[in-house]
Amino acid sequence: MNRVETHTNAGIRTNIKHDSHSNTQQKLKRSLKSRHISMISLGGTIGTGLLLASGNSVAAAGPGGALLAYGLIGVMVFFLMTSLGEMAAYMPVSGSFSTYASKFVDPSLGFALGWNYWYNWAVTIAAEISAVAIVMKYWFPHTPSFIWSAAFLIIIFTLNFLSVKSFGESEYWFALIKVATIIIFIIISFLMIFGILGGHAPVGFTNFFKGDAPFHGGFFATLGIFLAAGFSFQGTELLGITAGETENPEKTIPQAVRSVFWRILLFYVLAILAIGLLIPYTDARLANSDDVAVSPFTLIFENAGIAFAASVMNAVILTAILSAGNSGLYAASRTLRELAVEGNAPKIFKKLNNRGVPVAALVLTVAVACLSFLASFFGSGTVYIWLLNASGMCGFIAWLGIATSHYRFRKAFVAQGRDLSELPYRSKFFPFGPIFAFVLCAIVILGQNYTAFTGDHIDWYGILVSYIGLPIFLVIWFGHKLKCKTKVVRLEKADLTTKRQVQ
């Protein structure tokens, strides 16, 4: 029997026994401490999107366009995290997106969101397997790529297989390296901007207004950067996945959510501003988003006189890839496990070992990642490209699910006569926050490949490649709905009483 907390209509908390699962001995371990969650939260959004692709964003839309796009997407992500934080602090479950959607919106939507999110990370891990081989080629150009890919896969599988604590500890140090790099970068950049470092006169806003800057390329160029910025921020929602294995989530989750605003300001807005001020958008090197030697971070570190800047940044990028793969495997395995708990996946995937790790879910996720990776070697990689494109929208769809679930959660809370003071953390931006996030996220999804519609003729192949993830999601959602005859959950009937603890 699992002891869970419920509320009476009078708002009085009582403890009752709730037998939600037949196997009552297997429980997730609440081993993630406050420092783990805080650092995972801080470093979760720092990846190749910022370290490499940020330069391309400045080149495409100018410093002002890039700053506007990243700033608005950052605001949207902040609203989303306050929404997720409110639900996760009140009902901390692993694989939270599918659970919240099932309870507050529609069981079929929860089913589709869960499988959508699992697939997204499984294929993303395959992409990271490819990326780590490219990064290692920088130092060892003559070593076979499969050696580094295999080593990467073994490392992240081992970290997840040992225990949730080993995952949390490794993510803590991965994130610490990334956070330290960004902080050092921003400090050095602004010292150079004011002429204190680098042996040059103060740069000021000279590059920011060079040519047709700050907004280069007009509205559609900035819209294109919205898409890139959105991909860069994906991973922030891991905060909700970790809630089910966090010590004292009612306290820890709100603390992590409150740091979201500052990390967005510090890591993205200030970093993009620094790049736009120090490197003119006309610099051709910025457009090369795959070469660490011309990463905007590498260029600025070299201009500051830091030796081996490219090697240092390559090491940081390797850390970011390891972090993405590690957290991706964790998120996918917990999501698959939660699907099994809800009866939406085979029962074998809800089984845990004595350390609280869903081994079967881990193994399947790694197997799918390996098959996706192997697909890159056949048919000129066409299959792999389609797999990646199908996962491209998955993160945005998950964000739409968070916004919708929070809106319905709060409405249900009020409809059932509950006092908002019962919430351990309450978003101050409701209802504007989830509505704004939903609308902006929908615009990003629909604008995924706007150029396919703006040419002399409609690019149907481009549309199919770019938007394939959306119809797949809809087919899963409505297919499950037709099969199981599910209905939209009535606000008065939404399950707000079962605050399931560790399962």
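Modeller: Contact here means heavy atoms within 4.5 Å. This is a predicted model, in which local features need pLDDT of at least 70, side-chain atom pairs count only at pLDDT 80 or more, and totals for chains, interfaces and linings use all residues. Residues are numbered from 1 along each chain as its sequence is written, and side-chain values use heavy atoms, with hydrogens and water left out.

Biologist: Among contacts between residues at least 6 apart in sequence, what share joins residues at least 24 apart?

Modeller: The count takes in contacts in the protein between residues at least 6 apart. The share that joins residues at least 24 apart is 79%.

Biologist: What is the radius of gyration of the protein?

Modeller: It is taken over C-alpha atoms, and the globule rule is 2.2 Å times the number of residues to the power 0.38. For 503 residues a compact globule would come near 23 Å, and the protein agrees, at 23 Å.

Biologist: How many of the residues count as buried, as a percentage?

Modeller: Buried means under 20% relative accessible area (1.4 Å probe, protein chains only). Of the 503 residues, the buried part is 56%.

Biologist: Which residue just after α8 takes a positive phi?

Modeller: The phi is about 115°. The residue is Gly235.

Terms used: Buried < 20%, exposed > 50% of the residue type's maximum accessible area, 1.4 Å probe, protein only. Helix = DSSP H or I, 4+ residues; strand = E, 2+ residues; numbered from the N terminus.
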